[in-house]
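Okay, everyone has the model up, I hope. Give me a few minutes and I'll walk you through the parts I'd like to talk about.

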Amino acid sequence: MERSTIVRVREGLHARPAARFVKLAKTFKSDIELAKGGKSASAKSSVKLMLLTVKEGDEVTLKVSGPDEDEAMGMLLAYLENPDAGLDGEASSAPARNNERQETFSQDNTPGQLPAHGYKGAAASAGVALGPVFAYFPPELAPPHQEIPPAGREAEKKRLRAAIAKVTAQMESSAAAEASATDAGILRALIELANDADIIASAEETIGSGLDAVSSMMAAGAAVAAKFEALDDAYMKARAEDLNAVTRQICLALLEREDADLADMPDGAILAANDIGAFDLARAPLDRIAGIVCGHGGATSHVAIIARGRGIPAVLGLGKDIEAFRSAQRAAVDGGSGLTFADPDAATESYFNERIAHQEEARKALSAFASERPVLANQQAVVIAANLGSLKDIPDALAVGAMGVGLFRTEIMFMAHPALPSEEEQYETYAGLAAAFAPDEVIVRTLDVGGDKPITGIDFPDEDNPFLGWRGIRMCLDRPAIFKPQLRALLRANQQGNLKVMLPMVSTLEELRRTRVLVEECEAELEREGRPFRRFALGVMIETPAAVMIAPELAAEAAFFSIGTNDLTQYVMAADRLNNSVAALNDVRNPAVMRAIDAAAKAGREASIPIGICGEAAADTRLVPSFLEMGIYEFSMSPSFILAAKKAVIDHIGK
Ligand code: PEP
Ligand code: MG
């Protein structure tokens, strides 16, 4: 069967979304091809898929044939049409956001004059740094060009497979230990590259003709890297570097060698390298790196994404100029302008020192807000909480002083899971979350999926309008076998009493009441089983116009309101939140939306229940005064916005 669609995956099927698409495709037995503009590629090879350069907004055709074609077609189409697909729960750390955060650090009222000399590269991660150089220039690997006699060729192929397995295992354990969901996603994309069936087949074919495994692997990797380099797309060109890095690791494993140890890096070092891959960085002590300069790479390299996520200034793509850093003692990096200096003179050093002092001041000024817990003149506490999708995000949220969690998107756990997560797995996740923030409150949202988000283990019908379809609480109430384990896990996880639960997409009072009946059923079951649990406060999300209209009735029975401004805006304005052509209508500041928020807040105020906002608007500091005036005292957002939001509330209180 064939179906065409427009790709909505944000920024297209680049490395990480491609890797996850392939992973999903591989769960089906059917043959699956993706076609774009007359070219097509197997959906089970991330290399082929990336070479197809599928971008957001491209029209593609999915061709599926085999025993599970219906299910495969449904899931893969849903994936392609989901903007957040493949981002591993990193909704809170999308690169664009990180850029914004970085920009605030680079607005440091640059003192003095930028030195005129220096080397210019790609401005990959903003900020300034100065420090001792840690030169990381592992020697080029030369292909041994050894001839393998026919009798040894099968063993040589086995050696290659073992080396790939070793590198895969190393990357898997780095990904599992990785605190950042983005960085773990990058590693998973590299694992897909290392295990690409075509590259392995091509290397094995060369071994079969008598060449050693190292030379064969280098040739196979280089041939595909050259295809990436030939693409007219900066992002995809950068994938050639990923492939080279992965090929190198496999060859090192074959040679039983290791590159120099990045763990020897001194504190505050500027890491200088010709080429540095995500694989190297995963093993590097990132907290000791003050800056990065690199011969290869650009703003879209994985190194750049990791550096931005960690706030490490980086200048990449210096080309041959990187040689100047190989023997330099010290280096200065301006990741905002792309200028770098090897062994800077005294004037340049003092210029950088001044800028670093400014940068530190700005950072400190903002980080000072981490411990703040804003309180209004009438003693009303204002909660600035975090939106999270994974336990991996907890350290980032705690570091910026998140006052609890205002939205835990449980669908991310369901999406990442190969089947439905069991009650036990869910219990551990929710209990871990509640414990990490206690005594602050943690609000867990029950499963919010629908035809627009693929979940293995749930069959969604084909829908013309998935956003108006069988999603969120509607699906859960129809599938108690999915819903009840989640409710039971939540009851059990609320041992410390700081866990609250809210329902997405509520549009009738009945939905709240029916959920309560299910919760009571779960309580009775747990009671009978002798399992400890504690009742949780059950709230509703206000994200449909219907919920706004019946807000007084909902407020009479719900423990709290949390306004989901993302969906509320799209439904009030009748403007699809994923459709760029109506993006201008999708503005929470439109009076129609602000009035809807005000009406819901009024109902909440009159019933004396807490009202929060957990959509993107919560982080829009311009709206803080209006929301506070409406009696909304809880703002939940991606951790990267928390410090600025705390500052905005405190500035407002001071007025
Ligand atoms: C919302 O709709 O505002 C919301 C927070 O939920 P999501 O973005 O996950 O739909
Ligand atoms: Mg929503």
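So, Ile292 stands opposite Ala314 in S10. That pair belongs to strands S9 (residues 289-294) and S10 (residues 314-316), which run parallel over two bridges. When I say strands, I mean DSSP runs of E with at least two residues, and helices are runs of H or I with at least four, both numbered from the N terminus. Two strands pair if DSSP finds at least two bridges between them.

Before I go on, the ground rules. This is a predicted model, where local features need pLDDT of at least 70 and side-chain atom pairs count only at pLDDT 80 or more, while totals for chains, interfaces and linings use all residues. Residues are numbered from 1 along each chain as its sequence is written, chains are lettered from A and ligands numbered from 1 in the order in which they are written, and side-chain values use heavy atoms, with hydrogens and water left out.

Back to the sheet. Eight strands form an open, mixed sheet in the order S5-S12-S11-S7-S8-S9-S10-S6. At the edges sit S5 (119-120) and S6 (122-125), each pairing on one side only.

Now look at S7, residues 128-136. Seven of its nine residues are buried, so the rest of the structure largely encloses this strand. Buried here means under 20% relative accessible area, exposed means over 50%, and partly exposed is in between, with a 1.4 Å probe and protein chains only. On one pairing, S7 meets S11 (residues 330-334) in the antiparallel sense over five bridges, and Ala129 has Val333 as its bridge partner there. With S8 (residues 269-273), S7 pairs in the parallel sense over four bridges, and Ala135 stands opposite Ala272 in S8.

Okay, on to the metal. What coordinates the magnesium ion, ligand 2? Glu543 (OE) and Asp567 (OD) do, at 2.0 to 2.2 Å. Donors are N, O and S atoms within 2.8 Å of the metal (3.2 Å for Na, K and Ca), and water is not among the atoms, so sites may look incomplete. Glu543 lies in the loop between strand S17 (537-542) and helix H20 (545-549), and Asp567 is in helix H22 (residues 565-573), so the pair ties together parts 24 residues apart in sequence. Glu543 is buried at 2% relative accessible area, and Asp567 is buried too, at 4%.

Glu543 also turns up next to ligand 1. An N or O atom in the Glu543 side chain is 3.0 Å from an oxygen atom of that ligand. From the backbone, a polar atom of Asn566 comes to 2.7 Å from a ligand 1 oxygen, and an N or O atom of Gly564 to 3.3 Å. Ligand 1 on its own exposes 290 Å², and the protein buries 97% of that; these areas come from the Shrake-Rupley method with a 1.4 Å probe, and for residues only the protein chains shown count as cover. H22 gives the most to the shell around ligand 1, with three residues.

Last stop: Lys484, in helix H18 (residues 480-493). Buried or exposed? Lys484 is buried, with 16% relative accessible area. Its side chain makes a polar contact of 2.7 Å with the side chain of Glu525. A polar contact is a pair of N or O atoms within 3.5 Å; within protein, one must be able to donate a hydrogen and the other to accept it, and residues adjacent in sequence count only if both atoms are side-chain atoms.
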